[in-house]
Every structure is written in structure tokens, then in C-alpha cells.
Amino acid sequence: APSKGSAAASTAFILTVDAATKNFTVRKVGADAEPGKSFELWLISDRLPQPRSLGVIGGSDFTARPALAAYDASTINTALYAVTVEQAGGSPTGQPTSAPIFTGKLIETVPAR
């Protein structure tokens, strides 16, 4: 059986944020939640007292949401983004219930105007 490490390494989530609208899109790559489970996306910032849910990542390859509209640009740009495996529909407590399977920060993908 493959080790847990190799399975995790082939799973990726690509988070794209439109700086102008703060809308974001998550693309799942090689990731399917187990039955009865959901992937949930979190924003983690030293400016916030606790992680903030950005919602459950849907079953299709792409999930688009406006959930970052509540945050200022510097928080969005410096935050750590994490994906956890939660019960279907997301965490019942509003906080992560498991360790992240994926974390990352935003990087600039287009040159500044």
C-alpha cells in the first residue's frame, strides 16, 4: 500500500484570488474527499484571533466564492491558507477539527501594474 506521505504529495489545491474583487477560486488537483467528509478552506492570520472558514470546497474541480470580501488586502496577502478534512458539510464548530492536509501562502502571479 502506498504510504500516507505519497498520497498527500499528489494532492494539491490551487487558490487563485482576484485582487480587485477579492473573489477566489479553488482548484482541486488529485483530491477527492472520502465519503461523509468535506475539504474545508481556512484563512489563518496573526491579525485574527482564530482561523476563519472560507467554506467547504465543492465536489467539482473548481469552487469559486466571494468569501474574502470581508478582509483587507494586507490580511489576504499575508495570511496562511489551509485545507482540513472535516465532516460532510464542514466543521460543526466553526473551527478546524483536524490538522491541515495542505497549507500555502499567496504569491503574485502577474506583475504589478
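Colleague: Let's start with the overall layout. How many helices and strands are there in the protein?

Modeller: Keep in mind that this is a predicted model. The protein has two helices and seven strands. Going along the sequence, they come in the pattern α-β-β-β-β-β-α-β-β. The radius of gyration is 14 Å, close to the 13 Å that the globule rule gives for 113 residues, so the protein is as compact as a globular protein of that length.

Colleague: What box do the C-alpha atoms fill along the principal axes?

Modeller: Roughly 50 × 30 × 25 Å.

Colleague: And what about the inside and the surface? What share of the residues counts as buried?

Modeller: Of the 113 residues, 27% are buried. The accessible surface is about 7000 Å², and carbon and sulfur atoms hold 56% of that. As for charge, there are 10 positive and 9 negative ones, and their mean positions lie 2 Å apart.

Colleague: Which share of the contacts joins residues at least 24 apart in sequence?

Modeller: Start with the contacts between residues at least 6 apart in sequence; 56% of those join residues at least 24 apart.

Colleague: Now strands. How do I read the two faces of one?

Modeller: The general idea is that side chains in a regular strand alternate between the two faces of the sheet. Take strand E2, residues 24–29, as the case here. Phe24, Val26 and Lys28 make up its covered face, while Thr25, Arg27 and Val29 make up the uncovered one.

Colleague: Which strands pair with E2, and which way do they run?

Modeller: One is strand E1, residues 12–17, which runs antiparallel to E2 and is joined to it by six bridges. In that pairing, isoleucine 14 sits opposite arginine 27 of E2. Another is strand E5, residues 62–65, also antiparallel to E2, with four bridges between them. There, phenylalanine 24 faces arginine 65 of E5. Notice that Phe24 is on the covered face of E2 and Arg27 on the uncovered one.

Colleague: I'd like to look at the turn between E1 and E2. Which residue in that hairpin takes a positive phi?

Modeller: Lysine 22 does, with six residues lying between the two strands of the hairpin. Its phi is about 70°, although lysine 22 is not a glycine. You'll find lysine 22 in the loop between E1 and E2.

Colleague: Why does lysine 22 count as partly exposed?

Modeller: Partly exposed is the band between the buried cut-off, under 20%, and the exposed one, over 50%. Lysine 22 has 21% relative accessibility, so it counts as partly exposed.

Colleague: What about residues in loops? Where does serine 45 lie?

Modeller: In the loop between E3 and strand E4, which spans 52–57. Serine 45 has a relative accessible area of 8%, so it counts as buried. Beyond four places in sequence, serine 45 touches Thr75 and Ala79. Serine 45 and leucine 80 are 35 residues apart in sequence, yet 6.3 Å apart in space, C-alpha to C-alpha.

Colleague: And alanine 70, buried or exposed?

Modeller: Exposed, because its relative accessible area is 71%. Alanine 70 is in the loop between E5 and helix H2, residues 73–78. Its C-alpha atom is 30 Å from that of glycine 36, which is 34 residues away along the chain.

Colleague: Last one: which residues does threonine 103 touch?

Modeller: Not counting residues up to four places away in sequence, threonine 103 touches Leu80, Tyr81 and Ala82. Threonine 103 lies in strand E7, residues 102–105. With a relative accessible area of 45%, threonine 103 is partly exposed. Threonine 103 and alanine 12 are 91 residues apart along the chain, and 9.6 Å separates their C-alpha atoms.

Technical notes: Residues numbered from 1 in each chain as written. Predicted model: local features only at pLDDT ≥ 70, side-chain atom pairs only at ≥ 80, totals over all residues. Heavy atoms only, no water. Rg over C-alpha atoms; globule rule 2.2 N^0.38 Å. Buried < 20%, exposed > 50% of the residue type's maximum accessible area, 1.4 Å probe, protein only. Contact = heavy atoms within 4.5 Å. Areas by Shrake-Rupley, 256 points an atom, 1.4 Å probe, with all protein chains shown as cover. Lys, Arg positive; Asp, Glu negative; His and termini not counted. Charge placed at Lys NZ, Arg CZ, Asp CG, Glu CD. Pairing = 2+ DSSP bridges.
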